Amino acid sequence: MKKLPNTAKAVIIGGGIVGCSTAYHLAKLGWRDTVLLERKKLTSGTTFHAAGLVGQLRSSANITQMLGYSVDLYNKIEEETGLATGWKMNGGLRLACNEARWSEVKRQATTAQSFGLDMQLLSPKEAQDLWPLMTIDDVVGAAFLPTDGQANPSDITQALAKGARMAGASIFEDTAVIDLEIDKGRIKAVITQYGRIECEKVICCAGQWTRDFAARFGVNVPLVSMEHQFMITEAIKDVPADLPTLRDPDRLTYYKEEVGGLIMGGYEPNPVPWAVKGIPEDFHYTLLDSNFDHFEQLMELALGRVPALQTAGVKELVNGPESFTPDGNFILGEAPELRNFYVGAGFNAFGIAAGGGAGMALADWVYNGEPPYDLWSVDIRRFGRPHFDTDWVRTRTIEAYAKHYTMAWPHEEHASGRPCRKSPLYDRLKDQGACFGEKLGWERPNWFADLDGGEEAKDVYSFSRPNWFEAVAREHKAVREAAALFDQTSFAKFALKGPDAAKALSWIAANDIDKPVGSLTYTQMLDDRGGIQCDLTVARTAADEFYIVTGTGFATHDFNWISRNIGANLNAQLFDITSSNAVLSLMGPNARAVLQSVTKANISHKAFKFGSFKTIGIAGCPVMALRVTYVGELGWELHLPVEYAQTVYSALMKAGAAHGLINAGYRAIESCRLEKGYRAWGSDIGPDHTPFEAGLGWAVKLRKKIDFKGREAVATQKAKGVAKMLSCFTVDDPDAILLGRETIYRNGKRVGWLTSGGYGHWVQKAIGYGYVRRKAGVDQAFVREGNYELDIGGRRCKCKVHLQPLYDPKMKRIKC
C-alpha cells in the first residue's frame with residue numbers, strides 16, 4: 001500500500017460513485033492534492049448493487065441540468081479513461097395508465113420542454129413499438145426521453161476513479177477514517193487507521209453510513225437505510241440490446257435490459273427499513289437475504305405488463321440497502337453546523353443518474369465556497385429541528401419511499417410524523433375547520449372548511465380545481481373586503497444582538513437597515529454574484545439589536561447565511577428565537593378597526609406608518625405589531641409570547657365579529673400575493689436571480705455610499721442591463737390551471753417557464769410568474785411588445801403579460 005500523504009487540500013470519505021465523481025471534478029479544477037479514502041473497496045457500499053437507470057427530468061430546472069450533465073459526462077468518460085462503463089443512451093419510456101396519470105405525464109413533458117429536454121408524447125402503440133415485450137391494454141399514453149439511458153454502476157465508478165487519478169487525485173482503499181480533528185469549530189485533520197492527514201476541507205460521501213459518522217461531529221444528515229429489491233432474469237427471447245428503460249408508475253415498477261434479459265424492480269407501498277439499530281460493523285460488498293414474499297406484490301404487477309416474465313428464468317433477486325431521505329431528494333452542501341464539512345449522500349436509489357452531476361456540483365461548491373447554481377431542493381440546509389430525531393426521519397422516509405411512483409399531485413402534503421410542531425392555537429383552529437399543511441415539522445392552517453355547511457377539512461388532490469377552491473375564495477374575499485386572521489406562528493425568527501449588530505447586518509443586507517429604532521425594512525441578502533440568498537424582514541428593536549423574520553422553511557438556511565457572514569472581528573451574535581413567539585397576522589381593509597378596538601395605542605396611519613413597528617397592549621399582552629403585508633392589504637403581523645396566543649386570539653376574534661373577521665390560511669395568502677406581485681423565495685427568486693432581474697431593484701441601497709455583500713455584482717448588472725426579467729402572466733381561459741413550470745412562448749419562441757402559478761380569486765384569473773429570457777438582453781419594452789402563450793400540459797393557451805401588480809388596494813383591481 002502506498003503511503004498516505006501528510007497533508008491534503010481536501011479529503012473525500014467514501015468511494016462510491018458520488019465520492020469518485022467529486023474527486024474527479026476537484027482534480028479537474030486543479031486540486032491535485034485531493035485524497036479519497038474508502039474503508040473497504042470502491043463501490044463496496046451501495047454503488048455495486050444499484051440498478052443503473054439514468055433518468056434526467058426532475059421538478060427543478062437545475063437538478064434536471066445536473067442530471068443532464070451526468071449524461072454528458074457518461075458519454076465521454078469511457079473515451080477519456082479507456083475503461084468501459086456500460087453506458088447506453090437508449091432512451092427512457094414512462095407509461096400512463098389512467099387519465100390522472102396522463103395529466104401528470106403531459107405536465108412532465110411540458111416541464112421537460114421548459115428545461116430544454118426533448119420529451120415526446122406517444123400513443124400506446126408507439127410506446128409498444130419501442131418496448132415490444134409489454135402489453136398495452138391499459139395504457140393511455142406514454143412519454144419518451146431519447147437522451148435517458150443506463151449504465152453499469154461499478155464500471156462507471158471505476159472510470160471516474162481512474163479519471164480522478166489521471167488528473168492528480170490520490171485514492172486509498174482499505175483505509176478507514178477513525179476521527180476528525182477539530183479545533184475551535186474548524187477542521188484540522190482527518191485521522192485514519194494508518195495516520196493523520198492535515199486538511200482544510202472534508203467531503204463526506206459515505207452513503208448510508210453518513211448520518212452516524214456526521215452526527216459524531218454535531219452534523220445532522222437526515223437519511224436512513226431502506227431495503228430495495230430488483231430481479232435479474234436470464235436471457236429472454238427478442239430482448240434487443242437497445243431496449244429503452246421503462247418506468248410503469250401505475251404498476252410501481254421499472255425495467256432495463258441486462259445481458260439479453262431484464263432487470264425489474266419497483267417501489268412498494270410497504271417498504272422495509274433496514275439497520276434500525278445500526279449498520280453491522282463489517283458490512284460491505286454484502287447483499288441482504290432475498291425477500292421473495294415481499295417482492296411478490298411487485299411481481300404480480302409486473303406480470304400484467306410483461307407476460308414474458310412468467311416463463312423467464314430468474315438469475316437473482318437482489319436485495320440491497322440504500323439510503324433514502326424524508327423528502328425523496330438527495331443531500332448536498334456544506335453542513336451548517338461545521339465549516340468546511342461537506343456532504344454528498346442520501347441519493348434515494350438514483351445515485352447513478354445523479355452521480356456525475358452531483359460530483360461536479362459538490363466539487364464546485366467546495367472549490368468556490370458556493371454551489372455553481374441554485375441547489376435549494378437538495379441543499380442540506382433545507383432541513384430543521386424534526387430531522388435530528390432518527391425515528392421521525394425514518395417515519396417520514398418510509399412515506400417518501402412508498403410515494404416514489406404514486407401520483408405527484410399538486411400541493412400534496414405528507415401525512416406521516418404529524419403533528420410534530422404545533423402553534424398554541426392548533427387544537428382551537430382544528431375545531432373550527434382548519435385543514436393543516438406541514439412545513440419543517442410545523443402544522444400550518446392551509447384553509448378552513450365550512451363545517452356547518454358540510455365541508456370536510458381534508459385535501460382532495462386534483463390536476464383540475466381542487467376541493468378547497470371555494471373555501472380559499474371565501475378567505476380571499478374576506479382579505480379584500482373585510483379582514484382575515486392568519487396563524488403564522490411558524491415564521492422563523494432571529495435576534496441579532498451586540499455592539500456591532502448594525503455594522504454586521506448592514507454588510508449582509510442589500511437594503512438599508514441602519515434606520516431608527518422602530519423601523520421595519522424589507523431586504524434581500526445577496527451572494528457575491530448578486531444572487532438572492534435570503535428574502536426577509538428586519539425590525540430594529542434597539543441601537544444594538546434587530547429582530548429578523550423569514551419563511552418557515554428557510555430557518556436553517558437563513559440562520560446559517562447570516563451567521564457565517566458576520567465579520568470575524570465583529571461583536572454580534574445571532575439567536576434563533578422561533579419558538580418564543582406566536583404570530584397572528586391581521587389583514588384586510590377592516591384590520592385597523594379590529595385592532596383599534598382591542599388596544600389603547602394609537603394605530604392611525606399618521607401615528608403608525610407602513611414599514612414601522614410598535615409594542616402595543618392587547619388583553620394584557622405586550623404585542624410587537626409590525627405594519628407590513630404579504631397579501632396587499634392594510635395589516636399587521638402581531639408577534640407575541642406564545643403563552644398569550646390564546647388570549648390575544650380570543651380578543652381579536654371577538655372584536656372582529658362586527659367587522660367580518662374570519663380565519664384564513666396559507667393558500668389564501670398565496671392567492672393574494674400572486675395578485676399583488678409579491679415574490680416567493682425558492683420559486684420566483686433565489687440564488688440564480690438578482691434583485692434587478694426580479695423587479696426588486698428598489699430594495700437595493702446602490703444610491704447610498706454603503707458597501708454590502710454583492711454590491712459590485714448588482715451595480716455592474718444595473719449598468720449593463722439584464723438578460724431575464726420576472727413578468728406576470730394571466731390566462732383568460734377559465735379551464736387553465738397554472739402550477740408552475742409551464743413553458744412561456746413569446747412570438748412563438750420559447751423564452752422561459754413559470755416559476756410559480758395559481759389563481760387570483762379577486763381578479764378571477766389564473767396567474768403565473770416567470771422570467772422572460774434573451775441572451776442579448778431584456779427590457780420592459782421587449783417584454784411588453786411580445787405576444788405570449790403558455791404551454792399547459794401540452795396545450796397552448798394565449799396569455800397576457802404584466803409588469804405591474806394585478807391588484808392595488810387603492811384601485812381594488814387593475815385591468816388584466
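**Close-up views of a predicted model**

View 1. Six strands, in the order 33-36-35-34-37-38, close into a barrel with antiparallel pairing, where strands are DSSP runs (E, at least two residues) numbered from the N terminus and two strands pair if DSSP finds at least two bridges between them. Neighbouring strands of this sheet are turned against each other by 40° on average, direction ignored, the axes being lines fitted to C-alpha atoms. Strand 35 and strand 36 (residues 765-778) run antiparallel and are joined by 6 bridges, and G760 has K765 in strand 36 as its bridge partner. The model is predicted, so that local features need pLDDT of at least 70 and side-chain atom pairs count only at pLDDT 80 or more, whereas totals for chains, interfaces and linings use all residues. Residues are numbered from 1 along each chain as its sequence is written, and side-chain values use heavy atoms, with hydrogens and water left out.

**View 2. Helix 2 crossing helix 8.** The axes of helix 2 (residues 61-81) and helix 8 (residues 351-368), helices being DSSP runs of H or I with at least four residues, come within 7 Å and cross at roughly 100°.

**View 3. Strand 15 and its partners.** Strand 15 (residues 261-266) is largely enclosed by the rest of the structure, because 6 of its 6 residues are buried, that is, under 20% relative accessible area with a 1.4 Å probe and protein chains only. Strand 14 (residues 253-258) runs antiparallel to strand 15 and is joined to it by 6 bridges, with T253 opposite G266. In the hairpin of these two strands, which has 2 residues between them, V259 takes a positive phi near 50°. Strand 12 (residues 224-233) also pairs with strand 15 in the antiparallel sense, over 3 bridges, and F230 stands opposite G265.

**View 4. The surroundings of helix 11.** The buried residues of helix 11, among them F469, V472, H476 and R480, pack against strand 21 (442-448), strand 22 (483-487), strand 28 (581-587), strand 32 (661-664), helix 16 (666-676) and strand 35 (749-760).

Notes: Buried < 20%, exposed > 50% of the residue type's maximum accessible area, 1.4 Å probe, protein only. Contact = heavy atoms within 4.5 Å. Axes fitted to C-alpha atoms, helices over the stretch in contact; angles between N-to-C directions.
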